[in-house]
Amino acid sequence: MDPPPPFEKDLYHEHPAVAALGEREVRDWRHQHRVRVTGGPRGRRADPAPARTFLEAAFPECVTEVLENSGFAAPTPIQSQAWPLALSGLDVIGLANTGSGKTLGFVLPAVVHIVAQPHLRPGDGPIALLLAPTRELAVQIKEQCDAFGSCAAVKNTAVYGGVPKGPQERDLRHGVEIVIATPGRLQDFMDGGATNLRRTTYLVLDEADRMLDLGFEPQLRAIVERARADRQTLMWSATWPREVERLARAFLREPVTVQVNDAARLRVADTVEQRFEAVHPSEKHARFLQLVRGGGGGGGLLRAGEKAIVFCETKRGCDALVRALKGAAVGAEAIHGDKSQQERDWVLGQFRAGALPVMVATDVAGRGLDVKDVTAVVNYDAPSCAEDYVHRVGRAGRAGASGVAVTLLVPADAPVARELAAMLQKSRAGVPTALQQVAG
């Protein structure tokens with residue numbers, strides 16, 4: 001077997017406007033946007049100045065055109081700082097709240113990285129491997145790869161469970177530059193000889209904390225062991241528990257950490273208004289319907305054209321809430337583990353398009369789900385921990401938009417209420433009376 005070809009890793013061409021920034025200007029920008037850059041390889045500059053505009057990012061012209069035509073006004077803070085680092089070939093840890101634009105933070109450098117490498121040969125696996133915890137997130141990453149890779153003739157495929165393997169295997173055997181995958185399905189294909197990682201020089205672990213929560217660490221270690229040792233690795237997360245930090249030490253070499261809004265500490269974006277209501281279990285259902293449709297002395301959470309996600313603990317509970325909402329003339333459908341992938345894709349498509357104002361979900365939608373214009377999140381059932389709460393309510397108020405999150409609390413929710421109260425105290429947001437009441 002021929003050895004894999006050498007590859008280019010440092011592909012950053014600093015724009016003159018970025019090069020002209022003085023240390024004080026860079027420091028002021030980072031302070032304004034609450035960006036912190038730490039770590040990196042010894043003996044090498046590992047904190048290039050931020051690219052404040054799409055033009056300053058110095059992407060290929062076709063990529064810049066797609067960006068400018070996508071309705072984005074400017075890069076988000078995590079993109080501005082992470083792009084120069086990723087394009088420089090450095091290992092990167094990106095810590096930022098949900099809705100901060102992390103996906104484009106690694107997809108666009110992946111396209112540039114691929115274009116600079118020799119073309120795929122028969123039998124080659126992907127050049128870029130993007131790992132995600134859920135099929136929903138994998139599909140969303142694929143959408144970005146489709147949008148920005150097509151102009152550069154970069155092919156991709158997504159492989160995940162819950163659907164037939166045949167079409168995915170055909171894509172892998174034919175050869176694609178980017179594979180977006182959930183760990184379990186990818187390992188199945190690798191064990192079966194459908195693909196390999198001999199050419200994989202750009203590796204991304206997205207929502208790393210969630211992958212560990214779902215028990216994917218053995219699969220991740222098995223996959224990473226088969227990738228090239230000289231690869232570039234990027235890890236992205238909204239939180240930084242000790243387990244993720246341990247994984248980063250094993251997988252990354254002298255990484256640069258970009259942290260936005262003190263993301264390692266649990267907090268909710270300032271764009272989301274957080275409300276809590278203490279209710280008796282017997283009154284919870286009626287209060288929920290009042291919240292969504294209005295009545296009981298107040299307007300509903302939804303106005304015409306707005307969207308809400310409702311979180312429920314159980315699959316049966318999701319289906320019951322959908323029936324109740326439909327009975328109240330509110331359009332709603334559910335996604336959960338008992339739904340087929342086709343059903344879930346249809347519900348998500350209807351919700352994204354605005355044809356469905358309410359989507360009810362278990363925590364399958366708690367992370368990685370990026371839907372524009374979600375104005376409200378309702379925790380019908382409280383999450384099990386503060387970390388899950390942050391991810392759930394992060395579905396609203398994305399990309400700088402405003403939103404509201406309402407959590408219904410019953411006496412049995414006292415443990416998580418205490419966690420949430422402690423989190424809000426640290427964030428200086430103040431602890432609402434209803435939350436204090438349940439926390440005890």
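**Close-up 1. Helices α4 and α5 meet in this predicted model.** On the α4 side, the contact is made by Ile-78, Gln-79, Trp-83, Ala-86 and Leu-87. Facing them from α5 are Lys-102, Leu-104, Gly-105, Leu-108, Pro-109 and Val-112. Sorted by class, the residues of this contact are eight nonpolar, two polar and one charged. Helix α4 spans residues 77–87 and helix α5 spans residues 102–115; their axes come within 9 Å and cross at roughly 30°. Angles under 35 degrees count as roughly parallel, so α4 is roughly parallel to α5. The crossing of α4 past α5 is right-handed.

**Close-up 2. Helices α8 and α10 pack at an angle of about 45°.** Here we turn to α8 (residues 183–191) and α10 (residues 217–226), whose axes lie 9 Å apart. With that angle, α8 is oblique to α10. As α8 passes α10, the crossing is left-handed. Helix α8 brings Pro-183, Gly-184, Leu-186, Gln-187, Met-190 and Asp-191 to the contact. From α10 come Gln-219, Leu-220, Ala-222, Ile-223 and Arg-226. Six of the residues in the contact of α8 with α10 are nonpolar, three are polar and two are charged.

**Close-up 3. Strand β12 is covered on both faces.** Have a look at residues 358–361, which form this strand. Val-358 and Val-360 are buried on one side, while Met-359 and Ala-361 are buried on the other. As a reminder, in a regular strand the side chains alternate between the two faces of the sheet. Strand β10 (residues 307–311) runs parallel to β12 and is joined to it by four bridges. Strand β11 (residues 332–335) also pairs with β12 in the parallel sense, over four bridges.

**Close-up 4. Arg-30 is a buried residue of helix α2.** The helix itself covers residues 23–33. Arg-30 has a relative accessible area of 13%, and the cut-off for buried is under 20%, so this arginine counts as buried.

Terms used:
Residues are numbered from 1 along each chain as its sequence is written. This is a predicted model: local features need pLDDT of at least 70, side-chain atom pairs count only at pLDDT 80 or more; totals for chains, interfaces and linings use all residues. Side-chain values use heavy atoms; hydrogens and water are left out. Helices (H or I, at least four residues) and strands (E, at least two) are DSSP runs, numbered from the N terminus. Buried means under 20% relative accessible area, exposed over 50%, partly exposed in between (1.4 Å probe, protein chains only). Axes are lines fitted to C-alpha atoms, for helices over the stretch in contact, and angles run from 0 to 180 degrees between N-to-C directions. Angles under 35 degrees count as roughly parallel, over 145 as roughly antiparallel, 65 to 115 as roughly perpendicular and the rest as oblique. A crossing is left-handed if the near helix is turned anticlockwise from the far one by less than a right angle, and right-handed if clockwise. Contact means heavy atoms within 4.5 Å. Ala, Val, Leu, Ile, Met, Phe, Trp, Tyr, Cys and Pro count as nonpolar, Asp, Glu, Lys and Arg as charged, and the others, Gly among them, as polar. Two strands pair if DSSP finds at least two bridges between them.
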